[in-house]
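Open the model in your viewer and keep the selection tool at hand. We will go stop by stop.

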Amino acid sequence: MSAHVVSMRDALYEAPGPKMRRRIRVVTIFALALIAIGIALVVRQFHITGQLDPRYWTLFTRTTTWAFLAQGFLGTFRVAFTAGAIALVLGLVLMLGRISEAAWLSTVSRLVIDFFRGVPSLLLIYFFYLVIPKYGIKMPSFWMITLPVALAASGVLAEVFRAGVNAVPKGQSEAALSLGMSDSKIMFKIVFPQALRIVIPSLVSQLVVVVKDTTVAYVVSYPDLMQNARVLISNYDALVSMYFVVAIIYIIVNFAINQFSIYLAHRRGTKIISRNDENPV
Amino acid sequence: MGIQELFSTYGENYLQALVQTWSMTAISFSCALVIALAITVFRVSPIKPLRILGDFYVQVFRNIPGVSLLVIIIYALPYLGLTLDYKIGAMVTVTMVVASFASENLMTGINTIGVGQIEAARSVGLSFGRILRHVVIPQAVRSAILPMTNLLIGTLLTTALASQVPLKPPELTGMVNYVNSRSVGGIGAFFISAIGYAGTSLVIGYVGNLIDKKVRILR
Amino acid sequence: MSDAIIQMNHVDKHYGALHVLKDINLEVARGEVVVLIGPSGSGKSTLCRTINRLETIDAGEILFEGTPLPQEGKDLAAVRAEIGMVFQSFNLFAHKTILDNVTMGPIEVLGTPKAKAREEAMELLRRVGVDSQAEKVPAQLSGGQQQRVAIARSLAMNPKVMLFDEPTSALDPEMINEVLDVMVELAQQGMTMVVVTHEMNFARRVANRVVFMADGAIVEEAAPDEFFDHPKSDRARDFLNSIMGH
């Protein structure tokens with residue numbers, strides 16, 4: 001029919017009549033005024049504490065500053081990318097173990113997945129940073145941050161993969177069975193490719209979590225964006241401005257990744273399975 | 001140091017750390033829910049500036065890394081005239097981030113209701129207030145139980161951020177540092193903290209699942 | 001003409017650039033059963049939904065019992081309480097039992113005491129044949145059963161008019177008749193009905209008038225037999241041929 005699709009948040013309020021429209025206009029102007037005042041107060045606070053002084057901001061006009069930040073960002077990117085790749089492989093392995101018919105494998109996988117989903121990545125990072133050296137293993141700082149981040153993400157990814165596998169219509173594997181395919185062939189040639197397509201948007205949005213986790217790299221003294229920002233701060237004594245700028249960079253990067261995953265989801269017509277959707281533990 | 005030894009030496013500290021972690025989780029989560037309620041009301045209202053404000057809040061605080069926000073609150077805000085106690089600063093960080101995800105969960109809950117039921121309620125003659133009370137809110141809340149359970153676990157894990165500031169007593173993650181700076185903790189120290197987190201996660205997940213099974217709406 | 005319970009005069013509506021209702025003039029008398037038919041996109045659903053203001057209009061007026069439709073607030077809610085609506089996708093309240101679905105309106109809007117509301121609701125559910133499902137939730141019922149509950153929910157408000165927006169289009173074929181039977185009974189009991197549907201046999205049986213719409217305008221109006229057997233316009237003829245084809 002001629003139905004135009006309305007989102008829930010627009011449908012909650014029906015088309016306003018004249019009185020309602022007037023009220024909405026009044027409240028809108030009021031809200032705008034309050035927001036403007038809020039922004040003004042914040043800017044004023046920056047001003048009276050001297051944070052708007054040019055000496056805190058001119059460093060951003062120098063290319064050396066941005067070059068150094070870019071280096072740091074490259075470090076972030078390296079960690080995130082590597083950790084993401086490892087987490088994908090590990091997550092896949094764990095998922096396969098979890099859904100296997102062998103009870104022992106399924107239980108062990110489940111324990112490992114729940115363990116990695118149930119502890120903070122920061123704790124895992126401390127394990128690699130404080131505990132592993134005590135056993136004589138010398139690990140470069142890159143791996144000290146990348147491995148724990150990968151492990152933490154692998155637990156979540158394993159569940160995302162599993163949700164994807166469950167989302168593939170049973171008819172697919174039934175049809176393959178009736179063609180005489182073996183179980184492993186069915187999994188790898190029929191089910192998994194489709195599951196992958198379904199969960200790609202979710203995988204991409206998990207990347208955001210990985211990027212966020214990288215910000216603890218300073219704990220292991222690995223030069224990522226945060227770490228390089230700190231160096232610049234000690235050089236230029238521009239703490240407030242630098243921390244805000246770096247925060248904005250992270251927000252934009254993560255926002256872009258999320259938007260990309262939404263775009264992927266729309267193209268496929270699937271929805272994004274996030275950590276919040278699946279069953280807890 | 002074996003686990004036995006660790007327990008006898010640091011047992012009390014670990015207990016305090018566990019309580020510290022639990023209390024931070026509970027307080028942050030509750031505050032986050034209240035903030036999320038306000039944000040969601042903004043995002044759903046017919047007033048455009050409020051919608052934009054709510055959406056902006058969510059985008060900023062779901063995309064900012066916890067550490068980045070933490071350093072701003074603990075180290076940058078004092079320069080702007082606001083100095084917060086370490087524990088409060090850490091909790092504010094956790095709260096603000098969790099609130100954005102909580103609002104997303106509420107929005108998802110609202111979206112699962114579907115426009116049709118709202119129209120049906122309107123056609124019966126129910127007022128907007130009644131529609132909210134009898135149709136929207138009960139369903140949104142019941143649909144949000146599972147995502148909120150996962151978010152509570154997420155909050156628990158996010159409190160580990162507090163290990164980056166000097167907290168007395170330290171919470172579970174900070175304990176690994178604490179023990180390692182005083183003795184050779186080895187795997188044991190890490191393990192006890194890990195069990196603290198994993199165990200709590202399991203219990204939260206179990207209870208959440210139970211509640212969800214009871215109140216879940218069949219569609 | 002003062003017997004008209006619904007009057008639409010020169011109603012016009014646009015969705016952006018799309019002209020979805022073009023100068024609609026329609027009257028529905030008390031006790032009449034009017035069937036709206038036409039191809040997809042003809043505006044028949046939209047027309048039906050403007051009657052209880054689920055859709056707004058850009059020009060013209062809609063009168064209910066002689067007074068213009070209120071635009072908002074308590075007055076609009078009060079009018080809606082007197083106009084029942086049954087939707088294509090049933091739209092039962094998913095979190096409430098069947099009985100609670102039917103009693104919600106009377107209790108919250110009409111102020112009927114709970115016990116009386118439940119009694120009357122059970123009677124209505126008996127009438128439509130789903131009283132045995134009273135304590136279940138909508139997801140546990142078939143589509144046909146859900147739609148019958150939806151009809152009971154509307155009837156519980158004692159409406160003066162009932163609007164049906166493609167009530168059987170989302171149902172599996174074997175369940176269409178159970179719903180149509182209920183609608184036929186309603187018609188025979190004198191309910192004023194405006195029905196958007198593709199069910200021609202239903203129209204022949206109980207409609208007083210068939211209104212054929214295309215491209216947002218009313219093209220033809222006639223008694224069912226006259227319309228189906230001797231359509232006057234080419235548009236109507238083409239439409240009837242295309243659906244009677246098999």
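This tour of a predicted model goes from domains to sheets, helices and cysteines.

**Stop 1: chain A.** Select 13–48, then 65–277. The domain assignment makes these domain 1 and domain 2 of chain A. Their centres, taken over C-alpha atoms, are 40 Å apart.

**Stop 2: the antiparallel sheet of chain C.** Four strands form an open sheet here, in the order 2-1-4-5. Show side chains for one facing pair: C:Val11 stands opposite C:Ile24.

**Stop 3: the mixed sheet of chain C.** This open sheet has 6 strands, ordered 6-7-8-3-9-10. Strand 6 (83–86) and strand 10 (217–222) of chain C each have a single partner, so one side of each lacks a neighbour in the sheet. From one strand to the next, the twist averages 20°. Select 33–37 and 209–214: strand 3 and strand 9 of chain C run parallel, joined by 4 bridges. C:Ile37 faces C:Phe212 there.

Stop 4: Select 143–155. Helix 5 of chain C touches strand 6 and strand 7 of chain C, at about 170° to strand 6 of chain C. Then pick 234–244: helix 9 of chain C lies across strands 3, 9 and 10 of chain C, at about 95° to strand 9 of chain C.

**Stop 5: cysteines.** How many disulfides are there over all chains? The count is 0. Select B:Cys31, partly exposed at 37% relative accessible area. Finish on C:Cys48, buried at 0%.

Technical notes: Residues are numbered from 1 along each chain as its sequence is written. Chains are lettered from A and ligands numbered from 1 in the order in which they are written. This is a predicted model: local features need pLDDT of at least 70, side-chain atom pairs count only at pLDDT 80 or more; totals for chains, interfaces and linings use all residues. Side-chain values use heavy atoms; hydrogens and water are left out. Domain bounds come from an automatic or database domain assignment. Two strands pair if DSSP finds at least two bridges between them. Helices (H or I, at least four residues) and strands (E, at least two) are DSSP runs, numbered from the N terminus. A disulfide is a pair of cysteine sulfur atoms within 2.5 Å. Buried means under 20% relative accessible area, exposed over 50%, partly exposed in between (1.4 Å probe, protein chains only). Axes are lines fitted to C-alpha atoms, for helices over the stretch in contact, and angles run from 0 to 180 degrees between N-to-C directions. Contact means heavy atoms within 4.5 Å.
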